[in-house]
Amino acid sequence: MASTIAVNAGARLDRLPISRFHWRILGLISAGAFLDAFDVYLAGGVIAALKAEGFSTLAQAAVFMSMTFLGMMIGAGMAGYVGDRFGRRASYQFNLALFGLASIVAIFSPNMPFLIVCRFIMGIGLGAELVVAAGTLGEFIPPAYRGRWVSIMGMVVNSGLLVATAVGYIVIPTLGWRYMFAIGGILALIVWVMRKKMPESPRWLESVGRNDEAEATLREIEAEVVAHKGPLAEVPEVRAVQQVHAPLSALFGSKLRRRLIAATLAAIAVNVSVYGFVAWLPTFLVSHGTGIVTSLWYTTLMSFGSVFGAVVAIGIADRISRRASLIAAAVAIMIFGFLYPTAQGDLMVPLTGFLLVSSIYTLVTLALFAYIPELFPTAYRLRGTGFAGMCGRAASMLTPYATVALFERFGLHGVLGMVGVVLACMIAAVGLLNIETTGQSLDDVSDDSLVTGGRQVTLSQTYADFATRLTIDAIPDPVKERARYLILDSVGTGLAAVGAPWAEASFAAAGDLGSGSAPVLGYGRTLAMRDAALMNGLVMHGLDYDDTHARGIIHATVSAFPTALVAADKAGALGADLLVAYIAAMEVSTRVAAVGAGGFHGFGFHPTGLIGAFGSTLAAGRLLGLDAQQIAMAQGIVLSMAGGSLEFLADGAWTKRLHPGWAASSALTAATLAKRGFVGPPAAYEGRFGLFALYLRDAAPALLDQATAGIGETWEIEAVSVKPLPACHMTHAAIDAAIALRSQHGLTAADIAQVTVLVPEAVIPIVCEPVAPKRTPRTGYDAQFSIPYTVATALLTGKFTLDALDPAALNDPDVLDLAARVTYAIDPDSDYPKHFTGEVIVETRDGRRLAHREAINRGASDRPLSNADIDAKYSENADRTVDSTRAAHIRAAVLDMDRHPASALGDILAQRA
């Protein structure tokens, strides 16, 4: 763990000043990429020469180009896999060697089919080189300079067009086309030798867990920079980066899909622009009657636009947003593409062509070398870039055929129209993606790219970033209103519990442990912060009448709000800060619990206590002034504190009531430790001994994508259900079904012979078994988790209230007699845990069979209680311990909390009941 934190590759590289090291990296990477471009662009001149001397037909020339692109397409995909799996060095050395050797063999081609085969192999190396070059250089360059530096590489690469055209102008007419392949192949092998000592990317090494190598590489780099530039600045931040297993499928997951689409369309637009127009310039001119020498001369003049386009990119890359630059370049291509076919004469043809080529290569530079690699996290950078490159190459493979067909039928207008349509698609995709990369660290650009099965940024860091960045204005008004009413509901249930034996015992015990001034609902300000949080969670959850998130099966408010209340009071925060912290905690607790999909219960753990500790840690950390890294650490710390056993189900013990309060207390402890520098494991959730591995064991969380799905965009708090009945939510549908049967048929105890309740299979161990104690509950808690008792009470009284949990009600002989006739069966039509379904079937003594089904439990997110219903429930609960005037004051304070200091709310809630 220590080495993971020590490496911190991204921040350490990003704070380096530009030095000789960076120039050396630029030279080594650009040299190979230049040869890639040189060879691609020599194809136009070579094809013209092949056609002129009869070595190739126009159709064979199209196959030559297409096989080049097929190889490049395969090479791009191979480079992405090899580069992300085995490293950047392994990828760029393999592809350069392959390209160089195939080029040497191509010199001796006896016929066009043999040359086409060689060209296919060269294409594999060609396609790989630009993927690795674009993805690797940006990993070394600080964000303030990255746009300019990758554009410098782009200028070197783009000059391949100029150099290939100029060299071709001299070499092809005098020595022949074979010497063009000789030049490229020999230079490639020379660069291959030079690059053997190039360092591996520390960012990649860290992402795959090779921390010792990453640290050693970073120290060598830092030592070289220090020798040139002097002492280095302090590392501004620490990022917890874990070894990742990054499956290809995750590249197409919800978090990366939009980026992949935009990158792919950008790559297609670039390739169609280059290979639908630039690469065919000599052929177009020859086909219009221009001599081959004149054709090559015009093309040479226009080729200067490839370098000038990169110079434009250098000038704007770090000054203008990447998105705006890409869109502007695409529009310029459309404008000059419209003008070029109308140009006439020895001046206007090359001048208009120069401006068109310049615009194309501004787009090439900014899109291929900067924007596309920047969109993907380190673990996926080359595969994301490679996939986009594959699609671009696939388009290029088809482009020669489309170019020939369009040129023969519509002339140059048709070819440029095809380019314009593709560019319009790219403009739409880049605009809609709305992700800016200019001047940002690669880690920041992709910090929201957490994907199922592979993580570069841990869940802890993702949640910490969410919690620290969330603002009151970013939360929709309906979400804030829902949050206030959920808090009001829990305050009401807490007031109803004040004075209960277990509450009194807990308050006395907390007092024995120490004193303080933190607010405790209905009990004053006499306890320390952690004990106050424990008490608040205990009373708000103690009657099991608080809200529930159905998919996560978690009572989240009763840990999140107690934490936020005392932390905000301690920090002197505003009520609005309290509300934001509470919502952040709710969004995380509900998502983490939903990953288990009921699995935590299956292993005997209570998510309310176990998972509530994690969400509450975010609230505590935010309100106590922790930064994102400290909050990430705090989640790792609370992993060793979180818990909550379901053993209370055996005899109705009081321990369940402690769970949310303990979660809140643990969260405050963890946050305070982290603030003081205590280090926790960064992979609190997904680590080998993290939350999911420990508490779900071999039940791999199939819903892991829900851990971050839509966070900050969709709001799980809207899916939290308010309980309409003071019993376990797993009994609610059955209770309502029983009340409906009594109302519809006027049933009495004497009428009922047998009752069968259909319930989801997963809830049977909780509310149905063991059968004997469920039929004769000894405590109110036993009763709340008993299908026989709750259904019998509902059938006899037509209601189920807190009064049904009193000792007198528990000993009612009529209820117990009927409970003995209640049995259960598995509900075959249940959609649990989405809904807690229930069906009650009554067999009467006169032979009738009566049934009522509740397919969606009342209070569920798609059958919610209204605000008026919550108000009524609050009043009914509060009236049990406070007068109506005080209840109204409390209600107003809760619903207006974001307009006042948090301490004002604490004062009102703490007044003794």
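Which residue lies over the face of Tyr545? Lys873 does, at 4.0 Å from the ring centre. The model is predicted.

**Charges over rings**
- Besides Lys873 over Tyr545, the charged end of Arg85 sits over the ring of Phe86, 4.8 Å from its centre.

**Aromatic pairs**
- The whole structure holds 18 aromatic pairs.
- In one of them, Phe252 and Phe387 have ring centres 5.2 Å apart and planes at 85 degrees, so this pair is edge-to-face.
- Phe252 lies in the loop between helix 10 and helix 11, and Phe387 lies in helix 16, so the pair ties together parts that are 135 residues apart in sequence.
- Phe252 is partly exposed, at 36% relative accessibility.
- Phe387 is also partly exposed, at 25%.
- Tyr685 and Phe692 form a tilted pair, with 6.3 Å between centres and 40 degrees between planes.
- Tyr685 is buried at 0%, and Phe692 is buried at 5%.
- Ring pairs link Tyr685 and Phe692 with Tyr463 and Phe614 into a cluster.

**Helix packing**
- Helix 4 (residues 58–85) packs with helix 5 (residues 88–106) at an angle of about 145 degrees, and their axes are 6 Å apart.
- Met78, Ala79, Val82, Gly83 and Asp84 in helix 4 meet Arg88, Ala90, Ser91 and Phe94 in helix 5.
- This contact has 5 nonpolar, 2 polar and 2 charged residues.

- Strand 1 (residues 518–520) and strand 2 (residues 524–527) pair in the antiparallel sense over 2 bridges.
- Ala518 stands opposite Leu527.

Methods
Residues are numbered from 1 along each chain as its sequence is written. This is a predicted model: local features need pLDDT of at least 70, side-chain atom pairs count only at pLDDT 80 or more; totals for chains, interfaces and linings use all residues. Side-chain values use heavy atoms; hydrogens and water are left out. Axes are lines fitted to C-alpha atoms, for helices over the stretch in contact, and angles run from 0 to 180 degrees between N-to-C directions. Helices (H or I, at least four residues) and strands (E, at least two) are DSSP runs, numbered from the N terminus. Contact means heavy atoms within 4.5 Å. Ala, Val, Leu, Ile, Met, Phe, Trp, Tyr, Cys and Pro count as nonpolar, Asp, Glu, Lys and Arg as charged, and the others, Gly among them, as polar. Two strands pair if DSSP finds at least two bridges between them. Rings of Phe, Tyr and Trp (its six-membered ring) pair if their centres lie within 6.5 Å; planes under 30 degrees apart count as stacked, over 60 as edge-to-face and the rest as tilted. Buried means under 20% relative accessible area, exposed over 50%, partly exposed in between (1.4 Å probe, protein chains only). A charge sits over a ring if NZ of Lys or CZ of Arg is within 6 Å of the ring centre and within 35 degrees of the ring normal.
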